[in-house]
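Open the model in your viewer and keep the selection panel at hand. The tour goes from stop to stop.

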Amino acid sequence: MRGRELRGELDAFLAEHEQDLVGFRRDLHRHPELAFAEYRTTQRIADRLSAAGLVPSVLPRGTGLICDVGSGDGPTVALRADIDALGLQDEKDVSYRSTVPGACHACGHDVHTTILLGTSLFLAQQAAAGLLPGRVRLIFQPAEELPGGALEVMAHGGITGVDRIFGLHCDPRLDVGQVGLKPGPITSACDRLVVRVSGPGGHTARPHLTADLVFALAKVLTELPAALSRRVDPRSSLSLVWGRVEAGSAANAIPDDGVAEGTVRCLDENAWHAAPDLIKSLLDSVAGAYGIEAQMEYVRGVPPVVNDEMSVEMLAEATQRALGPHSVAPTQQSLGGEDFAWYLESVPGAFARLGTRSVGGETYDIHQGTFDVDESAIGMGVRVMAATALTALWESGPVTVTDPITSLA
Ligand SMILES: [Zn+2]
Ligand SMILES: [Zn+2]
């Protein structure tokens with residue numbers, strides 16, 4: 001069937017384009033751009049897509065772009081790459097070292113971008129040959145590290161009409177040629193919490209005539225994490241950990257305000273959605289018991305990436321089709337965040353980990369100035385992404401999403 005021919009077609013495509021793609025990656029690596037400043041990167045991608053006869057649409061801010069390949073009434077599958085770099089110094093001694101002080105592609109987004117470009121060029125060939133049974137939406141997303149880029153893409157209709165979405169991330173703990181997959185949650189949520197307390201203040205000799213703010217704040221610090229652990233399913237690993245606390249200025253004066261800041265981490269999507277309301281009600285009850293006022297500022301980070309089971313199966317099938325039968329490895333949920341999660345709140349899909357370590361080589365961790373990849377991972381990524389898009393188009397009709405409001409009517 002089609003799958004058998006696909007491998008040969010990908011081989012032929014990469015024999016012709018792989019070196020060029022490696023050069024494209026090295027150019028991006030030399031010229032990293034931070035979140036929402038990816039103007040040059042966006043232009044390079046747009047130029048290449050246009051040269052292949054595609055029609056890219058740059059997002060209104062001028063960074064990041066969306067481009068459709070193919071048309072017709074078939075399903076629409078989206079592939080997403082993030083294009084931004086990190087604000088840290090490149091510490092590698094390589095010819096393609098960053099030329100921008102304090103900026104470096106240390107999360108591998110240059111690799112993701114190049115893989116999606118290669119995939120786009122291959123799919124454009126397939127479409128031209130009449131072999132694309134639907135539409136593929138290419139999403140070159142800005143600002144994953146900020147984060148905010150995924151929401152920017154969605155605000156401009158980036159996943160409107162999309163039936164299924166896929167993405168991948170470099171994983172330096174996996175050998176090149178391996179793809180790490182996991183159904184269900186694969187990354188975690190991390191939010192920031194600020195609690196401000198206030199009261200009348202007074203002399204430490206007379207705590208009963210005022211509100212003992214420092215004592216009450218201490219109760220908030222210990223009671224909130226303790227109560228959370230009894231109110232939330234322990235399997236969700238919802239944890240509140242304080243990082244900063246401040247109140248008072250003299251040993252014998254009860255202050256009239258204080259502040260505590262911390263992070264809320266969570267492995268589970270439902271617990272993540274419920275966290276702000278739950279924490280607020282716990283805070284109000286502790287503060288109320290000691291007669292102080294408490295205000296909460298809850299700053300949302302990203303939800304966990306929760307992989308759809310059928311989409312993971314498609315990824316697994318496609319990976320084996322493209323890289324061989326032993327190329328899929330199980331992977332674990334990480335405590336890191338990834339804004340691909342926002343897409344999966346609206347559309348089913350899956351996020352994969354692409355092995356980037358040279359076989360038998362060292363592990364260069366991401367978000368380090370020494371991070372680098374085995375560049376043969378680029379060709380592997382193109383094979384996986386192209387095969388995934390085609391597999392998803394071959395196998396899925398449009399997914400019918402039931403609108404809860406109209407279905408109730
Ligand atoms: Zn990162
Ligand atoms: Zn990243």
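Start with Arg244, which is partly exposed at a relative accessible area of 35%. Keep in mind that this is a predicted model.

Next, select Arg25, Arg26, Asp110, Asp372 and Glu375 together. Salt bridges with shared partners join these residues into one network. The count for the model comes to 26 salt bridges.

**Salt bridges across the chain**

Select Glu338 and Arg80. Their side chains form a salt bridge of 2.8 Å, N to O. Glu338 sits in the loop between β15 (328-330) and α8 (341-344), while Arg80 is in strand β3; the two are 258 residues apart, so the pair links distant parts of the chain. Are these two residues buried or exposed? Glu338 is buried at 4% relative accessibility, and Arg80 is buried at 1%.

Move to Arg300 and Asp191. Here the side chains meet in a salt bridge at 3.1 Å, N to O. Arg300 lies in the loop between β13 (293-299) and β14 (306-307), and Asp191 in strand β8 (residues 189-198). This pair, too, links distant parts of the chain, 109 residues apart. Colour by accessibility: Arg300 is partly exposed at 31% relative accessible area, whereas Asp191 is buried at 1%.

**The zinc ions**

Select the zinc ion (ligand 1). Which residues coordinate this zinc ion (ligand 1)? They are Cys107 (SG), Glu145 (OE) and His367 (NE2), at 2.0 to 2.2 Å. Along the sequence, these donors are spaced C-x37-E-x221-H. Cys107 lies in the loop between β3 (76-82) and α3 (109-128), and His367 in the loop between β16 (349-357) and α9 (376-395), so the pair ties together parts that are 260 residues apart in sequence. His367 is partly exposed at 38%.

Now select the zinc ion (ligand 2). Its protein donors are Cys107 (SG), His109 (NE2) and His169 (NE2), 2.1 to 2.4 Å away. Their spacing along the chain is C-x1-H-x59-H. His109 is buried, as is Cys107.

Finish by showing both ions with Cys107. This residue bridges the zinc ion (ligand 1) and the zinc ion (ligand 2), which lie 3.1 Å apart.

Terms used: Residues are numbered from 1 along each chain as its sequence is written. Chains are lettered from A and ligands numbered from 1 in the order in which they are written. This is a predicted model: local features need pLDDT of at least 70, side-chain atom pairs count only at pLDDT 80 or more; totals for chains, interfaces and linings use all residues. Side-chain values use heavy atoms; hydrogens and water are left out. Donors are N, O and S atoms within 2.8 Å of the metal (3.2 Å for Na, K and Ca); water is not among the atoms, so sites may look incomplete. Buried means under 20% relative accessible area, exposed over 50%, partly exposed in between (1.4 Å probe, protein chains only). Helices (H or I, at least four residues) and strands (E, at least two) are DSSP runs, numbered from the N terminus. A salt bridge is a side-chain nitrogen of Lys or Arg within 4 Å of a carboxyl oxygen of Asp or Glu.
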